[in-house]
Amino acid sequence: MPAPRIRPFPTGFLFGAATAAYQIEGAAFEDGRTASIWDAFSRVPGAVINADNGDVACDHYHRYRGDVALMKELGLDTYRFSTSWSRVRPDGGPVNAKGIDFYERLVDELLGAGIRPWLTLYHWDLPQALEERGGWTARETSERFAEYALSVHDALGDRVTDWTTLNEPWCSSFLSYTGGIHAPGRFSIADGMLASHHLLRGHGLVVEELRRRDPALNLGITLNLTVAEAADPARPEDVDAARRIDGQFNRWFLDPIFRGGYPEDIVADIRAVDADAVARFEAAVLPGDLDTISRRLDVLGVNYYHGEFVGGTAPADPPLPGDAPTDRAVGSPWPAGDGIHWYERGLPRTAMHWEVQPEALTVLLERVWDEYAKDAGTALFVTENGAAYDDEAVVDDGAVRVHDADRVEFLRGHLAAILDAADAGVDVRGYFYWSLMDNFEWAWGYDKRFGLIRVDYATQERTFKDSALEYRRVIAARAME
């Protein structure tokens with residue numbers, strides 16, 4: 001048998017894992033923290049599976065030292081976490097000393113363990129008080145976001161060098177304000193468009209000010225991106241369906257950030273559906289906004305979970321949907337989504353019914369690098385990538401084990417896909433598995449588990465899954481075989 005091929009990762013490549021404040025912290029109303037939109041939304045009847053919420057979650061607020069010790073045992077180079085706006089500036093008001101103190105202690109614990117803190121300022125948990133003043137549809141929320149971000153930098157800027165403004169603004173705009181699937185649960189094309197613009201404007205304001213304060217900071221944004229493929233490239237309606245998914249999901253955010261303008265074809269598509277919504281959106285894009293949004297970035301975080309295989313006619317046997325089967329009715333997050341249909345193509349699927357297609361990550365990284373990041377001098381990081389499976393805990397030799405072979409294969413396949421992109425010349429510098437531990441999975445509640453570490457929610461006991469052991473082995477080797 002030939003010796004296995006050893007594929008080293010690029011020099012300096014960072015291995016990490018990611019979480020988000022609302023999904024793991026708990027302590028929802030302790031030490032001055034007030035309600036976020038997810039505290040409110042999770043209490044809407046039928047909005048979240050089993051009426052779950054983040055009141056306790058993984059109790060990370062009280063258990064962070066033990067969790068950091070697990071990160072160190074795993075061998076992580078870096079840890080991507082988010083700060084809670086409702087903890088740092090409750091109700092969008094003055095700084096809460098006890099709230100910011102938690103993140104100071106967390107950062108110090110990470111640094112003491114030799115782990116690089118990677119801070120995300122917004123992972124979907126807008127203070128509910130600001131939502132009641134218009135939320136992201138209101139221009140002033142951009143300014144309030146900048147104030148909050150600078151308060152975090154005041155406290156942590158001497159210790160944290162990696163700053164991400166927003167996580168997945170598509171989710172916190174169209175999924176949340178148009179499709180009503182996530183908090184705050186609105187159903188409006190105009191509101192989704194306005195939210196997307198004000199989120200991006202807030203991002204730009206923060207980049208401008210942090211760059212002014214400290215040019216050495218590593219500044220970026222994280223987008224969830226996909227590869228949209230036509231079910232039949234010979235059918236114009238299928239090609240158009242793929243164009244519209246790519247435009248509404250990828251280009252709607254990449255184009256203003258890197259090119260200073262929203263994609264004109266998608267604006268025209270939405271205008272044909274709701275001209276009044278487009279008029280409101282265009283009136284909200286004021287002179288100078290796009291210059292602010294398109295400020296230079298050091299990093300683009302790419303979140304990739306699955307591709308989209310679409311066409312213009314309804315298939316006889318459509319795939320199961322990937323959204324949580326909640327009791328509360330939801331809408332489409334696609335403003336120009338009429339006539340777009342998803343097709344089955346026989347790929348493996350996760351417990352969320354998401355396709356497993358690691359080779360598309362290579363395609364995506366190459367496309368984003370070639371069309372956007374390379375000329376801008378912006379490095380790429382895969383800031384989220386992971387899979388939910390129906391894990392089962394068993395007892396082997398008196399110890400709890402989770403033999404998650406599917407997740408091990410998922411992890412290895414996507415790490416190999418990153419190496420393929422690096423071999424093709426893409427400047428991809430790190431990988432963050434989603435998620436470090438099982439947690440509150442938004443509208444799915446605690447029904448789905450993404451973690452490398454199993455959390456027993458009744459006892460808060462943490463257990464390394466087989467995928468964690470495999471990731472630790474890859475990190476130690478700095479290579480795949």
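Two strands are counted as paired if DSSP finds at least two bridges between them. Strands themselves are DSSP runs of E with at least two residues, helices are runs of H or I with at least four residues, and both are numbered from the N terminus. The structure described here is a predicted model, in which local features need pLDDT of at least 70 and side-chain atom pairs count only at pLDDT 80 or more, while totals for chains, interfaces and linings use all residues. Residues are numbered from 1 along each chain as its sequence is written, and side-chain values use heavy atoms, with hydrogens and water left out.

Eight strands form a closed barrel in the order 2-3-4-5-6-8-11-14, with parallel pairing. From one strand to the next, the twist averages 25 degrees (axes are lines fitted to C-alpha atoms, for helices over the stretch in contact, and angles run from 0 to 180 degrees between N-to-C directions). Strand 2 (residues 14-18) and strand 3 (residues 78-82) run parallel and are joined by three bridges. Within this pair, Ala17 has Tyr79 of strand 3 as its bridge partner. In general, the strands of a sheet pair through backbone hydrogen bonds, either parallel or antiparallel.

The antiparallel sense is found elsewhere in the model. Strand 12 (residues 393-396) and strand 13 (residues 399-402) pair in this way over four bridges, and Val394 stands opposite Arg401 in strand 13. The hairpin of these two strands has two residues between them, and Asp397 takes a positive phi near 50 degrees there.

Strand 11 (residues 379-384) holds Glu384, a residue that an unreviewed UniProt entry lists under "active site". UniProt positions are given in the numbering used here, feature names are shortened, and annotations may be inferred rather than shown by experiment. Glu384 is buried, with a relative accessible area of 3% (buried means under 20% relative accessible area, exposed over 50% and partly exposed in between, using a 1.4 Å probe and protein chains only). Apart from residues up to four places away in sequence, Glu384 touches Arg80, His123, Asn167, Glu168, Val302, Asn303, Tyr304, Tyr305, Phe432 and Trp434, where contact means heavy atoms within 4.5 Å.

Trp434 leads on to a cis peptide bond. The bond from Trp434 to Ser435 is cis, with omega near 5 degrees. Ser435 sits in the loop between strand 14 (428-434) and strand 15 (453-456), and Ser435 is buried at a relative accessible area of 0%. A polar atom of the Ser435 side chain lies 2.9 Å from the backbone oxygen of Ala18. Beyond residues up to four places away in sequence, Ser435 touches Ala18, Thr19, Phe450, Gly451 and Leu452.

Pro184 belongs to the loop between helix 8 (171-178) and helix 9. The C-alpha atoms of Pro184 and Glu131 are separated by 7.7 Å, although the two residues are 53 residues apart along the chain. Glu131 is in helix 6 (residues 128-131) and is buried, with a relative accessible area of 10%. The side chains of Glu131 and Tyr177 make a polar contact at 2.7 Å (a pair of N or O atoms within 3.5 Å; within protein, one must be able to donate a hydrogen and the other to accept it, and residues adjacent in sequence count only if both atoms are side-chain atoms). Leaving aside neighbours within four places in sequence, the contacts of Glu131 are Ile37, Leu126, Trp136, Tyr177, Pro184 and Arg186.

Nonpolar packing was examined next. A nonpolar core is a set of buried Ala, Val, Leu, Ile, Met, Phe, Trp, Tyr and Cys residues joined through side-chain atoms within 4.5 Å. The largest such core has 135 residues, and those with the most contacts inside it are Trp38, Trp163, Trp252, Leu365 and Tyr471. Helix 9 (residues 189-213) gives the most to this core, with 10 residues. A second, separate core of 18 residues includes Ala20, Val299, Trp434 and Trp444.

Two further residues have a positive phi although neither is a glycine: Ala57, at about 50 degrees, and Gln460, at about 65 degrees. Ala57 lies in the loop between helix 2 (37-41) and helix 3 (60-74) and counts as buried at 5% relative accessibility. Gln460 lies in the loop between strand 15 and strand 16 (461-464) and is buried too, with a relative accessible area of 8%.
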